[in-house]
Amino acid sequence: VENPATETTLTHVATATAGDVTAALDAACAAQEDWARTPSATRAALLGRAFEAVTERAEDFATVMTLEMGKTLAEARTEVTYGASYLRWFAGEADRDFDRYAPSPAGALRVLTLRRPVGPCLLITPWNFPLAMATHKIAPALAAGCTMVLKPASLTPLTSLLLADVLTEAGLPPGVLNVVSSQRASTVSGTLMTDPRLRKVSFTGSTPVGQVLLRQAADRVLRTSMELGGNAPFLVFPDADLDAAVAGAVAAKMRNGGQACTAANRFLVHEDVAAEFTAAFGEAVGRLTVGDGTDPATDGGPLVDGRAVASVTGLIDDAVSRGARVVTGGDAPAGP
């Protein structure tokens, strides 16, 4: 695991074998029946304790996220609040009665619908929001009475490992949550997606990978939840408040260093205000300070790795070759 701000190694984490992955599912299956029978009030109380524990250790989580993926400490602290909120929300949801009792269409009978945990789940999270995307999946699974295997992104496993420690300290029984880190994502998904004991997969990431998982899930009619890539436009109309539009554009594009599926990828600006907007937007971006996310003076941390830098550089070079004009920046900063 490397710190993208310094390109130095933070630590080493084991990369799972197929046997490790199967062992993780074995543990989840062994714990499933007991966890499903656990009263909802008990599950809710555990999620409440987990919320308190994550909140108490907010600075630890923020620091780990900044070190392993680069976002500023300010953004990381915001993510802790955002990520912990899922634990609190589903603590409330766990104790609700979702069963239904209703008259049949003919009116002579009553129909009783009972909801039950779907069973062991595979949860695959991205690197850009390593805490929030984990709690976003773990919290509802715990509330529903499901066990799980969590596969964090290979670039950012440390946040998930810290979260697993905190959940264990909050009283989560062994085997309910199993974190499997691996540089070879296919080892995890390929092993589990063909195992008949797996009941659901939840994935946040790129559309091509999501398509592969959906094809694999189709063979077993496996339940899926997919949050895949976006291509969001930012629209500026001729009657826009340009100061507000520029502020919104900077936030929409530069949040998390632009590394978000909800980031604005295209700016469609009316020709009447295009020149003025472009100049103001370029000036606002040019004022941002890029640096180590642990430095309070930093407005934007580094991109997550060298491949991301090469990708952005390629986009700029391609645009310039097609006639675009560089308004600010255009080159990667010198140094790490």
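Hi everyone. Let me start in the loop between H8 and E9, which is where Val 221 sits. This is a predicted model, so please hear everything today with that in mind. Val 221 has a positive phi of about 50° although it is not a glycine. Is Val 221 buried or exposed? At 74% relative accessibility, it counts as exposed.

Asn 256 is not a glycine, yet its phi is positive, near 60°. You'll find Asn 256 in the loop between helix H9 (242-254) and strand E11 (264-269). Here the relative accessibility is 3%, so Asn 256 counts as buried, being under the 20% cut-off.

One more loop residue before we go inside. Thr 298 belongs to the loop between helix H10 (274-286) and helix H11 (306-321). Its relative accessibility is 9%, so Thr 298 is buried too. What does the side chain of Thr 298 reach? The backbone oxygen of Asp 292, at 2.8 Å. Setting aside residues up to four places away in sequence, Thr 298 touches Thr 72, Thr 289, Val 290, Gly 291, Asp 292 and Gly 293.

Now to the interior. In soluble globular proteins, nonpolar side chains tend to be buried together. In this model the largest nonpolar core has 42 residues, and Val 54, Ile 138 and Met 148 touch the most other members. Which elements each supply at least two residues of this core? They are H1, H2, helix H3 (58-69), H4, E5, H5, E6 and helix H6 (157-169). H4 provides the largest share, with nine residues. Apart from this core lies another one, of 17 residues, including Val 21, Leu 122, Leu 192 and Leu 222.

Beyond its neighbours within four places in sequence, Met 148 is in contact with Ala 28, Cys 121, Leu 123, Ile 138, Ala 141, Leu 142, Val 176, Leu 177 and Asn 178. Ile 138, in that list, is also one of the core residues that touch the most other members.

In helix H7 (residues 185-193), the buried residues are Thr 187, Val 188, Ser 189, Leu 192 and Met 193. What do they pack against? Their partners are helix H1 (18-37), E5, strand E6 (148-151), E8 and helix H8 (207-220). Leaving out neighbours within four places in sequence, the contacts of Gln 32 are Pro 117, Gly 119, Pro 120, Gly 145, Cys 146 and Thr 147.

Helix H2 (40-56), helix H4 (73-94), strand E5 (121-124), helix H5 (132-144), strand E8 (200-204) and strand E9 (223-227) each supply at least two lining residues. Which of them gives the most? That is H5, with six residues. By class, the lining has 15 nonpolar, six polar and eleven charged residues.

How values were computed. Residues are numbered from 1 along each chain as its sequence is written. This is a predicted model: local features need pLDDT of at least 70, side-chain atom pairs count only at pLDDT 80 or more; totals for chains, interfaces and linings use all residues. Side-chain values use heavy atoms; hydrogens and water are left out. Helices (H or I, at least four residues) and strands (E, at least two) are DSSP runs, numbered from the N terminus. Ala, Val, Leu, Ile, Met, Phe, Trp, Tyr, Cys and Pro count as nonpolar, Asp, Glu, Lys and Arg as charged, and the others, Gly among them, as polar. Buried means under 20% relative accessible area, exposed over 50%, partly exposed in between (1.4 Å probe, protein chains only). Contact means heavy atoms within 4.5 Å. A nonpolar core is a set of buried Ala, Val, Leu, Ile, Met, Phe, Trp, Tyr and Cys residues joined through side-chain atoms within 4.5 Å. A polar contact is a pair of N or O atoms within 3.5 Å; within protein, one must be able to donate a hydrogen and the other to accept it, and residues adjacent in sequence count only if both atoms are side-chain atoms.
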